[in-house]
Amino acid sequence: MSVKQYKITVPSTTANVGPGFDVCGIALSLSLALDVSIPTDGQGDELPVITYSGLDSDNVPLSPYKNLLTRVALYVLRSNGIDTFPRGVKIHAHNEIPFGRGLGSSGAAVIAGVLLGNLLGNLNLPTERLLDFALMVERHPDNVTAALVGGFVGSYLRELPPADLAAASVPLAEVLPEYPADAGPDWGKNPPQAPNGIGHYVRFGWAPEIN
């Protein structure tokens with residue numbers, strides 16, 4: 001069986017930099033890395049097989065309906081008219097980002113999931129659209145934007161028309177529902193759609209002394 005191999009690497013981040021509370025974020029050197037294998041013949045297990053290594057790996061659920069990476073990926077797929085994962089996908093995640101230490105571990109997982117969905121669906125979404133999906137899950141843009149685009153960035157939520165604001169404000173439980181133990185491929189097929197242009201960001205330069 002022939003497979004294609006891909007790698008997704010998402011940096012840790014720090015946010016609330018100086019006066020930039022909820023605005024400024026910086027990508028750091030620690031990372032969450034995914035090695036993704038996709039069979040070219042469409043054969044294999046119906047759901048992705050997930051393995052983990054690195055920090056806090058013993059605390060991460062491996063069910064694709066419970067794991068944050070694959071839940072976000074499935075949300076992106078279904079938002080783009082693809083109901084299921086490709087068959088035979090294998091994902092190995094290696095995590096260097098400690099949980100609960102202010103280094104953006106959840107933001108990195110959300111971005112990795114968005115990028116995974118973009119890859120599995122062969123969607124070729126632009127960065128701005130990837131950010132829309134991330135902001136449906138993580139409502140503060142500072143960490144996820146820095147994780148997505150890298151470097152030192154300032155980000156904010158746009159003022160949206162009332163209908164788009166309502167769509168972007170649906171509870172997280174509707175965006176990423178808790179799948180029941182007997183969840184199957186037909187459960188939760190119609191997620192709320194992400195409006196276009198939820199967030200905006202600006203890249204900042206570095207002082208030469210920092211490099």
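A residue is called buried when its relative accessible area is under 20%, exposed when it is over 50%, and partly exposed in between, as judged with a 1.4 Å probe on protein chains only. By that definition M136, at 0% relative accessibility, counts as buried.

The model is predicted, so that local features need pLDDT of at least 70 and side-chain atom pairs count only at pLDDT 80 or more, whereas totals for chains, interfaces and linings use all residues. Residues are numbered from 1 along each chain as its sequence is written, and side-chain values use heavy atoms, with hydrogens and water left out.

M136 belongs to helix α3, residues 127–137, where helices are DSSP runs of H or I with at least four residues, numbered from the N terminus. Leaving aside residues up to four places away in sequence, M136 touches a set that includes Y75, A167, V170 and P192, contact meaning heavy atoms within 4.5 Å. A167 is 31 residues from M136 along the chain, and their C-alpha atoms are separated by 9.0 Å.

T70, in helix α1 (residues 68–79), is also buried, with a relative accessible area of 0%. Its contacts, again not counting residues up to four places away in sequence, include P48, I50, F85 and L116.

Conventions: Helices (H or I, at least four residues) and strands (E, at least two) are DSSP runs, numbered from the N terminus.
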